[in-house]
Amino acid sequence: MASIFTKIIKGEIPCYKIAENEQFFAFLDINPVQKGHCLVIPKKEVDYIFDLTEQEYIDLQLFARQIALALQAAIPCKKVATTVVGLEVPHVHIHLVPLQTLPFINFAAPRTAMSAQELKDTAQLIAGHLI
Ligand code: AMP
């Protein structure tokens, strides 16, 4: 069965999209740890990041870097944290989270409530800073 992220890529499930190219896709986490929390994924459905080929891994990181630069330009923060967890969704995803202090990336803490409109505006804001 296709992963929930494959369904998002195919447009079968809605998302707050930021960018895509032939190989990769970036969108907002629906349940963000902070405003601007992005997920960057390969379109190829692979569960574990280190099962990607070397080239796929490098290209994914390069795509994530473009999103991180746009995210940092869009949302004031000290740095953008890049994290891979993958315990919930078995489809490779890099979390990008705007960071002020360490607790900003506490994945176990209650998530940040955001309305659909806020998520839509945030995705557009980040997309608008892509180079
Ligand atoms: P993990 O697999 O532990 O790295 O966590 C999966 C992440 O995917 C969580 O932060 C979820 O909030 C997020 N997530 C799950 N379903 C969706 C969805 N339909 N759209 C956007 N983000 C999602």
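Tutor: Helices are DSSP runs of H or I with at least four residues, strands are runs of E with at least two, and both are numbered from the N terminus. Serine 115 is placed in the loop between β5 and α3. The model is predicted, so local features need pLDDT of at least 70 and side-chain atom pairs pLDDT 80 or more, while totals for chains, interfaces and linings use all residues. Residues are numbered from 1 along each chain as its sequence is written, and side-chain values use heavy atoms, with hydrogens and water left out.

Student: Why is serine 115 called partly exposed?

Tutor: Buried means under 20% relative accessible area, exposed means over 50%, and partly exposed lies in between (1.4 Å probe, protein chains only). Serine 115 has a relative accessible area of 34%, and is therefore partly exposed.

Student: What makes alanine 113 count as exposed?

Tutor: Its relative accessibility is 74%, so alanine 113 counts as exposed. Alanine 113 also belongs to the loop between β5 and α3, and its C-alpha atom lies 9.5 Å from that of isoleucine 30, 83 residues apart along the chain.

Student: Is alanine 108 buried or exposed?

Tutor: Alanine 108 is exposed, because its relative accessibility is 75%. It too lies in the loop between β5 and α3. Alanine 108 and glutamate 22 are 33 Å apart, C-alpha to C-alpha, and 86 residues apart in sequence.

Student: Why is cysteine 38 in no disulfide?

Tutor: A disulfide is a pair of cysteine sulfur atoms within 2.5 Å. A search of the whole structure finds 0 disulfides. For cysteine 38, the nearest cysteine sulfur is that of cysteine 77, 10 Å away; this is not within 2.5 Å, so the pair does not count as a disulfide. Cysteine 77 is likewise in no disulfide.

Student: How do you know that cysteine 38 and cysteine 77 count as buried?

Tutor: Cysteine 38 has 0% relative accessibility and therefore counts as buried. Cysteine 77, at 17%, also counts as buried.

Student: What is called the largest nonpolar core?

Tutor: A nonpolar core is a set of buried Ala, Val, Leu, Ile, Met, Phe, Trp, Tyr and Cys residues joined through side-chain atoms within 4.5 Å. The largest has 28 residues, and those with the most contacts inside it include Ile18, Cys38 and Ile67. Among the elements that give two or more residues to this core are β1 (17-20), β3 (38-42) and α3 (116-127). The largest share, 8 residues, comes from α2. A second, separate core of 8 residues includes Ile9, Phe25, Leu39 and Ile41.

Student: What makes isoleucine 18 a residue in contact with others?

Tutor: Contact means heavy atoms within 4.5 Å. Leaving aside neighbours within four places in sequence, isoleucine 18 is in contact with residues including Phe27, Cys38, Ile67 and Leu130. In soluble globular proteins, nonpolar side chains tend to be buried together.

Student: Which residues line the largest pocket?

Tutor: A pocket is an open set of points on a 1 Å grid where a 1.4 Å probe fits, with protein on both sides within 12 Å along at least five of seven lines; lining residues have an atom within 4 Å of a point. The largest pocket is lined by 22 residues, and Phe5, Asp29, Ile30, Glu88 and Val89 lie nearest its centre. α1 gives the most to this lining, with 3 residues.
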